[in-house]
Amino acid sequence: MAIVVNMPRLSDTMEEGTVATWLKKVGDKIEEGDILAEIETDKATMEFESFNEGTLLHIGVQEGETTKVDELLAIIGDEGEDISGLLNGGGNASAEAKEETVEAESTEEVPAETAAAPAVSAALPEGVIVVTMPRLSDTMEEGTVATWLKKVGDTVEEGDILAEIETDKATMEFESFQSGTLLEIGLQEGESAKVDALLAIIGPAGTDVSGVASSFSASAASAKEAPKAEAKKEAPKAAPATASAPKKASAPAPTPVTEHGRVFVSPLAKKLAEDKGINLTKVQGSGENGRIVKRDIENYEPAAAAPASSAAVTSFAVAGEEKTEEVKNSSMRKAIAKALGSSKFTAPHFYLNIEVDMDNAMASRKIINAIPDTKVSFNDMVVKACAMALLKHPQVNTTWSDNVTKIHSHIHVGVAVAVDDGLVVPVIKHTNALSLTQIGSSVRDLAGKARNKKIKPDEMSGSTFTVSNLGMFGIQSFTSIINQPNSAILSVGAIVQKPVVKDGQIVVGNTMMLTLACDHRTVDGAVGAQFLQTLKTFIENPVTMIA
C-alpha cells in the first residue's frame, strides 16, 4: 500500500521547509534509511531520510519549492501502484492518506504522532500550549530529560531555560518559546521519549490540563507510556508546596540531588568543578532551588572535602570482594556507539602515517602569538593545512553512497572535542577561506559552546573532513574511526623532541606524527599518500599557507 511522506518538522520552531535537493527521483528504489532529500529549515539545511521501503512514485515538492510542515512531500509504494486517489486534492489529501497509512503501518511512529496533534490542539483550553520533545539535532530520534530547571507551578518567561535534554550528540539547554505557568511535566528526569512526545504543558495559572495530558499520552505516545503519564499527574502538583520551604533555608540545605543521582548545577559551574576536582555533592548551591552556580564553585572551601576520604573507603569493595556498578548509557553514548560501529564495519579503513618536522611551525607560531591579542595553536595550524591540502586533493574531500561519490567543492573541517558525556564534532565552515586567527577563534568558540551545552545542531553538521588531536594528552600516535559521511579523518599526535638527521648531521629536532584513516571506497592508497605529502609541506613551511 502506498505511503504518503509529509514535510517533516526538523526543528522545534520549523513551520515550513524548502526542498534544496532531491537525492532520489521518481522510479528509484527506496530502502529504509536512504536519504530522500536535503531540506532547508529555519535553522539549517538537513538531510531527510526515509522510514519506509518501496519505489518513489511521486514527488510533491520540487527543488526550490517551499511547503508547510505535514503537507505532501512524496509518495512511496509498490512499483506501478495506482496513486491517483492520493493525488486528488493535492496537499489536502495528505492528511487523510496519512491516517490510512498509520492504521496500515503500525511501525510508522512519526506520522502517528503528527496525526494526533490536531486532535489535541482542538481540545486545548484557552492560552494552554503543549510543549513536545524538540528535535535538537538532525539525527535525533529521542531525547532524555537530564535536568528540569523549572518545576510545576513556576512562572515561565519566553527565553527561560526549561530543561537540559540529552540528545544523540550533546546535552543541550532547551528554552521556552512561550510565557505562562508550568502546569504539567510529561517526562521526569532520566526518562526518555521520542521526538514530538509530550514534554510539558504551559498556560494560565490554575488551568486544569489533566485531560490534555491524558489525551495526548493516549493518542501521541505508546500504550505503555499512557499509564506513566497518569502516574505523574499528581506528583508534580505537590512539588510547589514542598519546594517552597527549602528556598528560605537554601544556605544550610544540602545540594538537591535527583532520584537518578543528578546534581542541580549550571553547565559552567560543572565545568569549573571538574577543572578544580571538586565533588559537586559537597557543594551548597545558592542559585534558584539550590542550584549550584559559578560563584558557589569559586567560593567553595576545600575543608568540606575531609569526610570524602572516609566515605570513599567504605564505598569501595573490601580486598577480595567483587563489585560492579551499572551506569545507564546516555543518548549521546548510544549514538556514538551506533555511528562509530557503523563506520568501522561498513567502511573499509586503511591507515597512513607520516612524521612532520615541527621546527619551522614552532618558530612561526611564536612570532604570530607575539602579536597583541593573537593566539594560534598548533591544532589551528593543522586544521588550516588540512583545508589547503584538500583544495589540491578533492578526492579526499568526498562522501560515498551506493550509486555516486559526492566530491565537495566546499571544505568544512570538523574538529573532535571531548565533552562530559562523550565526543562532539563542531564544524568550521569554509575553513580554507579563514585565516589562522579566525580558525583559532572559531575552534575555541565552538568548543566552549559544546562543553557548556550551548552548541547548535547546525554548528555540528556538514563536515567534509575531520581532525582529531590527542597530542595535548601526550599521545604520540593513534588511529581514529572515520566520522561518516566523511571519507577520511586525521589523527594528530604530540610534538616530541628527539634526535633527527639534518644535512647529514644528528641534531635535536621536534617532530609530530600524523595518521590518516581513509575509506578505501573513495580514497585509494596513492591519493591518501599524496594528500599527506602536501599536508606535510604546508605544516613544515607555514608561510606557504599564506602564499
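How many residues lie between β25 and β26 in their hairpin, and which residue in the turn has a positive phi?

Reply: This is a predicted model, in which local features need pLDDT of at least 70 and side-chain atom pairs count only at pLDDT 80 or more, while totals for chains, interfaces and linings use all residues. Residues are numbered from 1 along each chain as its sequence is written, and side-chain values use heavy atoms, with hydrogens and water left out.

The hairpin formed by β25 and β26 has 2 residues between its strands, and Asp503 in the turn has a positive phi of about 55°. Strands here are DSSP runs of E with at least two residues, and helices are runs of H or I with at least four, each numbered from the N terminus; by that count the protein has 15 helices and 26 strands.

Strand β25 covers residues 488-502 and runs antiparallel to β26, with 13 bridges joining them, where two strands pair if DSSP finds at least two bridges between them. Within this pairing, Val500 stands opposite Val507 in β26.

Strand β26, which spans residues 505-519, is also joined to β17 (residues 349-357), by 9 bridges, and these two strands run antiparallel as well. In that pairing, Leu352 is the residue that stands opposite Leu516 of β26.
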